[in-house]
Amino acid sequence: MSEQDPFEPLRSVLERHGQLQTRSIPNAQGTWMLLYYGDLADAKILQTQVIPPMQEKAPGGVSLETLIRHLPVDQQEKAGDIDRVVKRLISGWTLLLSSAERGGYLLNTALKIDRSATSPEVESQIMGPQVALTESLQTNISLIRQYLPDTRLRYASYQIGESTHTEVMLLYMEGIAPPDEISLMKDKLANVKFKGITDSSMLLQKIDDNPESLFPQMISSERPDRIVLNLIEGRLVILVDGSPFALLGPSRFFDFFKSAEDRYLRTNMALFLRLLRLVAIFISVFFTPLYVAALTYHYQLIPSNMLVPLAQSRSKVPFPPLMEALLLEFIIELLREAGARLPTKVGQTMGIVGGIVIGQAAVQAGFTSNILIIIVALAALSSFITPVYIMGAAIRILRFPMLLLAGAWGAVGIMTGVSFVLIHLLRVKTIGQSYLYPLYPFHIGKMRVKPPIGIRSLSQDIYEEPAGDSR
């Protein structure tokens, strides 16, 4: 048998997966061979950390087990079944074989293409750290470790995706995060099925307790400081390799209206901003439906000094209030979506100019009234105040069924919609916990703007609670 024979069966399998490259290094006992994909493996690692030590040991002809100890590659593992070898190679690893021995070793020489940490794009703020997560899982863990050098920080790793084999990491603080929540999330991640996953938002749809709900149950964040604060408060964090956004949970309804910047402001300032966001929710969801309900069914509720301006404003409008409001809301959503998809500078210009031009033209053409434009613009502006994008999108969508109910039954329809939404929120769970906590179940001690995180006793100050407390 020739000394190349041991490599032939393996090479015939691997060559079906792409352009496999080989590098042979003769030694005193035969030949060492490196097998890798040139476009996936990092040539710099091969040329500086793998090949020079092999050439140095070649005259002595040492065994693979001895040779592998002299290769300064961080991750090494013994080659197992052919399927695992193929998966490693198409992930950028290199297979080391010897013609004189059976078996081989896998070396992590994967070429990592990622960007350095930059300022947050989605969760921008004035105060606090100005750094965001990247698409590299190891970089993100390093960023979190810089803020949280605590020995209680624990990791649990998972490979998710039949095709992508994406690494997913669960982070939590041992002794602070509730064990039942940790166990529940580990079960979810262990049993989730995906053909491929490229971002944490895809995983979120599989691990939500109520995936059919309009309201999100976990916060998606790109800020390491927000992640760290959630960890020390006992929450769970999920990182996905290739995604610059982490998932934080359990996240209740009111958590979505808290900004990371609230921690860096005085308590009274933070309280004012949170109240402002709650008022903005009301404006965004109910202002336009209340306008439709008042004009359609409840003229008696409109102050007499506003009836004349309303009548003059609507004198040329050929549509009923419901159709007028739906048309304007639809135009606003078109402008918003178009602005989000266009390049940044073009999108900003198109949103401003398009809103002014279309609004003015709609009024002059008699398609809508001046008053409704003001109301819809205020409602649209209010939806942007929500710090978490996905919750802002849910509030915008909620406005449309409220509009239809207001047009059908007036104030009774609005109250019917509110009742259905409230009943739904009472039923929603987030990692097994109540979504409306601390309002349901009511816990006045948790209704604070800033939890008293202190050095005295982190785990006993505010986090240690009686067993069975739904928090």
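**Arg-88 and its partner.** I looked up Arg-88 first: its relative accessible area is 22%, so I log Arg-88 as partly exposed. My scale calls a residue buried under 20% relative accessible area, exposed over 50% and partly exposed in between, with a 1.4 Å probe and protein chains only. Arg-88 makes a salt bridge with Glu-77, and their closest N and O atoms are 3.1 Å apart. For a salt bridge I need a side-chain nitrogen of Lys or Arg within 4 Å of a carboxyl oxygen of Asp or Glu. The pair links distant parts of the chain, 11 residues apart, with Arg-88 in helix H4 (residues 82-89) and Glu-77 in strand E3. Glu-77 has a relative accessible area of 18%, so it goes down as buried. Helices (H or I, at least four residues) and strands (E, at least two) are DSSP runs, numbered from the N terminus.

**Ground rules.** I note that this is a predicted model, where local features need pLDDT of at least 70, side-chain atom pairs count only at pLDDT 80 or more, and totals for chains, interfaces and linings use all residues. Residues are numbered from 1 along each chain as its sequence is written, and side-chain values use heavy atoms, with hydrogens and water left out.

How many salt bridges does a search of the whole structure find? I get 19. One of them joins Asp-225 and Arg-223, at 3.2 Å from N to O. Asp-225 is buried at 4% relative accessibility, and Arg-223 is buried at 0%. Arg-336 and Glu-333 also meet in a salt bridge, at 3.1 Å. These two are three residues apart in helix H11 (residues 321-341), so about one helical turn separates them. Both Arg-336 and Glu-333 are buried. I also found one network in which salt bridges with shared partners join Glu-233, Arg-235, Asp-255, Lys-258 and Arg-263.

**The sheet.** Next I traced five strands in an open, antiparallel sheet, ordered E1-E2-E4-E5-E3. E1 and E3 (76-78) are the edge strands, each pairing on one side only. I count two strands as paired if DSSP finds at least two bridges between them. E1 (residues 20-27) and E2 are antiparallel over eight bridges, and they form a hairpin with two residues between them. E2 also pairs with E4 (residues 94-98), antiparallel over four bridges.

Which residue in E2 is the bridge partner of Arg-23? I find Leu-34 there, and Leu-34 also stands opposite Leu-96 in E4. Met-33 has Leu-97 as its bridge partner in E4. Is E2 enclosed or open? Eight of the eight residues of E2 (residues 30-37) are buried, so the strand is largely enclosed by the rest of the structure.

**The core.** The largest nonpolar core has 43 residues, and Leu-231, Leu-239 and Met-391 touch the most other members. H14 (389-409) is among the elements that give two or more residues to this core, and H14 gives the most, with six. By nonpolar core I mean a set of buried Ala, Val, Leu, Ile, Met, Phe, Trp, Tyr and Cys residues joined through side-chain atoms within 4.5 Å.

Ser-213 lies in the loop between H7 (200-207) and E8 (219-221), and is buried at 11% relative accessibility. Ser-213 and Leu-425 are 212 residues apart in sequence and 9.1 Å apart in space, C-alpha to C-alpha.
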